[in-house]
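Please view the sequence and the structure together while reading.

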Amino acid sequence: MVAKPFHCLLCDKSYANKTSLVTHERKFHNQNVIIPHQHILSIPLYSSYCHFHGLFIDTIQSRLGSHRSTEGKKKIQVHCEENLFYFIFREQETFTFQVSGYKYNCVFKGQAGAERIGKIFQCPNWWIKANKFGGETIVYYQQQDPITKNLIDKEVCFCWK
Ligand SMILES: [Zn+2]
C-alpha cells in the first residue's frame, strides 16, 4: 500500500505528495470558504481594526506618487494578524481560503469593488490623494482598452499567507 500522508482537510481524500493535493484542491475546492481551524481565530479587538484601517490607508496614500503617473500592478505589504484578516474579509463574496497553501484571498473588481473597500476601511476616497500643488493622484480602478475602447475593470486583491 502506498503511503498517502497529504490529507485534504475539506473531504476525505489523501495523496502521496503535496502537488497532487494542491491539484485536487484547485479542482474541487477552488472557491473554498471553510477554515478548518476557524475555532482558534479569536474576534479581534476594535482597536486592532482601527489600527489596521489606519495602517492600510497610510500605506496606500504614501505609495501614491505625486508627480508622475505609473502603470501596472502595484504591491503593498501591511502587517496583519490572521484573525483580523479573516474577520475583515470573511463576509465578502470573493473571500476564499486555500487550505494546503494556508492562504486567504479576497478580490475586489472595478468601481463597485473600490467602493466596497472604502466601506470596509471607512475611508470612501481611499484611492485619491490630494498633493500639495492642489492636484490629485488616483489609483485607477478602471482602464480603457487601447484597441477596443472597452472599459476594463481593474482588480484589487487582498492576500494573506
Ligand atoms: Zn478535498
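**Elements of the chain**

The chain contains 4 helices and 9 strands; helices (H or I, at least four residues) and strands (E, at least two) are DSSP runs, numbered from the N terminus. Read from the N terminus, these elements follow the order β-β-α-α-α-β-β-α-β-β-β-β-β.

The model is a predicted one, in which local features need pLDDT of at least 70, side-chain atom pairs count only at pLDDT 80 or more, and totals for chains, interfaces and linings use all residues. Residues are numbered from 1 along each chain as its sequence is written, and side-chain values use heavy atoms, with hydrogens and water left out.

**The chain as a whole**

Of the 161 residues in the chain, 32% are buried; buried means under 20% relative accessible area, exposed over 50%, and partly exposed in between (1.4 Å probe, protein chains only). The chain exposes about 11400 Å², of which carbon and sulfur atoms supply 53%; accessible areas come from the Shrake-Rupley method with a 1.4 Å probe, and for residues only the protein chains shown count as cover. Among contacts (heavy atoms within 4.5 Å) between residues at least 6 apart in sequence, 56% join residues at least 24 apart.

**Two residues with positive phi**

Most residues other than glycine have a negative phi. Y102, which is not a glycine, has a positive phi near 50 degrees. Y102 lies in the loop between strand 3 (96–98) and strand 4 (103–109), and is partly exposed, with a relative accessible area of 34%.

Q122, also not a glycine, has a positive phi of about 50 degrees. The loop between helix 4 (110–120) and strand 5 (128–130) holds Q122, which counts as exposed at 59% relative accessibility.
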